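My entries follow in the order in which I checked them.

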Amino acid sequence: MLAILATASSFAACAPWDLGEDEPPRIDDPGSVAIAAEPPPAISGGTLAVSKSAARAVAADPDRDRVWVVDLEAGKLAAELVLEKGDEPGRVVEDDAGRFHVALRRGGAIVTIDAGSGTIVDRRAACPAPRGIAYDANTDQIHVACLGGELVTLPAGPGAATRRLHLERDLRDVIVDGDRLLVSKFRAAELLTVDADGSVTARESLPKFNMFGQQFAPTVAWRTLPLPTGGVAMVHQRALTDSVEIVDGGYSSGGCDGSIVHSTVSQLGTAASVSEPTLAAALPSATLPVDLAISDDGATYAVVAAGRNEVLVTDPANLSQFGQPAFGNEGTCIEPQHRVLVDGEPTSVAFAGDSLIVQTREPASLQVLALDGVSRNRVITLPGESRKDTGHDMFHRNAMGAMACASCHPEGGEDSHTWAFNPIGPRRTQFVSGGILNTAPFHWDGDMSGIEAIMSEVFERRMGGMHQGPRRVKIFARWIDSLPAPPVSPAPDEQAVARGEALFHDKAVDCARCHAGAQLTNNESFDVGTGKAFQVPSLVRIGARAPFMHDGCAKTLKERFTNPACGGGDVHGKTSHLSEAQIDDLVAYLETL
């Protein structure tokens, strides 16, 4: 039986911030608040790797721009490696020489670590936003999947990139599977197959899932890992596609826990899965499944539910025994064999022999959980300064419900899903990073005057969250305002971008009249031929936010201009007179914003 860890922890005092600290506690403002001196980034998960010998763990710490090397046998920290401020280290992989390679999500590079000596031995440019990383033992190479769509190959030893492909935006994880690479897409929860020559030869999408007469679509693939028998396991969310009833106390749904979002682990990437995909049962209350670990024999999954401070441990067969295609794609909820309550905020998990290693971001630690029910659990405290922040907590957790803000806005972005709200209508999830507080009023309808209205109507009424006092709302706003827009990849054709920029600002095209200023919006609402007046959205990082429009009708930016039934025609910018080449130039410019 799996032991449950329950140890005491303490947090260093956070730096004060002028948000009314002298206000007394209130019933609607429960407990104390914490304000980190440097607001921590949104949780990305999957920042832990255990050596093949199970003697060491290497943990990337995006909150503190550190990499920790931990001696698991001695149960102590072996090295603290300081990175550049803002690097935001992410995925970690070990090569056959015992070196560990870490993707720097905002540093645009890969750092290579000699874990034995506890030193950084190399730092090499990869792409502006590296996400996934894998080691290819057959070629002694590192493959890096990037947010901007790049798939970069580097030697495991010293040296610059040897191959640079451009696939599609929003790449997440990369897995070596024989002579091919399997690459996941984050928001779409899809899997691309890339052959040795660099061509994409297959795309695998997960099927929709019916539960109690309601349909859910796969979204947000937080982590994808290789299975020992071939193919991959993907921990992802599913989102309701049927009508969402807006009622007091939570969005109404017949799904797991009555939630419009649930989590699961699906298997993809094998010939059998392509021809007849297996529907994995839903995991109830697995809020924010930011990481996945698979035991060496493939017989056990461990899923980090960051929104509930839990790790869910389950047998894959437990997930796949229901919801087979033969049953009409009708699925169900399955409780995991074990729910492990973690002391702290878990973000990553890995197996190490008969133990489970859990990384917590706050406080910084590795927790060694015994799987045999006999050995003692251990906590290896890491010396990182506190990054506890009430705004961060409010975004990632919801003690009163089965979904958090980050469920629909993963990593401060959005899930690419279009919701069928009743009685509002179809509404595409919106982006919340890159200075979104400067674009009030909020929502497509412009009916949310400010962050206070969002918290009252959406967090409390629709999501069933606890009422938040004014001080906590201000702290939440401060954290949201700290979220930077994701890095942008360089344009392949700078001349096309320059021509597109000129068109964008040309009064005969008339884009810049509404999309102006730092946020590329005038914060007003207009009827642009799409049914009613909608708020002018910010175009910051618009290229990474497909599908487009309030109802997600345009799958690509080009379709926004070429499909009058979707984009509004010349009421929405005057583009009908532009040639196809000019539309391509305009799209090339928008991709750089």
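**Entry 1, ground rules.** I am working with a predicted model, in which local features need pLDDT of at least 70 and side-chain atom pairs count only at pLDDT 80 or more, while totals for chains, interfaces and linings use all residues. I number residues from 1 along each chain as its sequence is written, and my side-chain values use heavy atoms, with hydrogens and water left out.

I began with Arg 66, which is buried at a relative accessible area of 17%; buried means under 20% relative accessible area, exposed over 50%, and partly exposed in between, with a 1.4 Å probe and protein chains only. The side chain of Arg 66 makes a salt bridge to that of Glu 80, at 2.8 Å from N to O, where the term requires a side-chain nitrogen of Lys or Arg within 4 Å of a carboxyl oxygen of Asp or Glu. For the element names I rely on DSSP runs numbered from the N terminus, helices being H or I with at least four residues and strands E with at least two. Glu 80 itself is partly exposed, at 37% relative accessibility.

I then looked at Arg 203 and Glu 168, whose side chains meet at 2.3 Å, N to O; Arg 203 belongs to strand E16 (residues 200-205) and Glu 168 to the loop between strand E12 (163-166) and strand E13 (171-177), 35 residues apart. Arg 203 is partly exposed at 45%, and Glu 168 is partly exposed at 22%.

Arg 223 and Asp 291 also form a salt bridge, with their closest N and O atoms 2.7 Å apart, and this pair joins strand E18 (residues 214-226) to strand E22 (residues 289-294) across 68 residues. Here I noted that Arg 223 is buried at 10% relative accessibility and that Asp 291 is buried at 0%.

I also found a network of salt bridges that links Asp 63, Glu 345, Arg 361, Lys 388, Asp 393 and Arg 397. The count of salt bridges comes to 45.

Which residues have the most contacts inside the largest nonpolar core? I noted Tyr 251, Leu 292, Val 311 and Trp 419, in a core of 72 residues; such a core is a set of buried Ala, Val, Leu, Ile, Met, Phe, Trp, Tyr and Cys residues joined through side-chain atoms within 4.5 Å. A second, separate core has 21 residues, including Ala 554 and Leu 593.

E30 pairs with strand E20 (residues 243-245) in the parallel sense over three bridges, pairing being called when DSSP finds at least two bridges between strands; Phe 421 is the bridge partner of Val 244. With strand E31 (residues 425-428) E30 pairs in the antiparallel sense over four bridges, and Ala 420 stands opposite Pro 426. E30 and E31 form a hairpin with two residues between them.

Stepping back, I recorded ten helices and 33 strands in the protein chain. Of its 593 residues, 58% count as buried.
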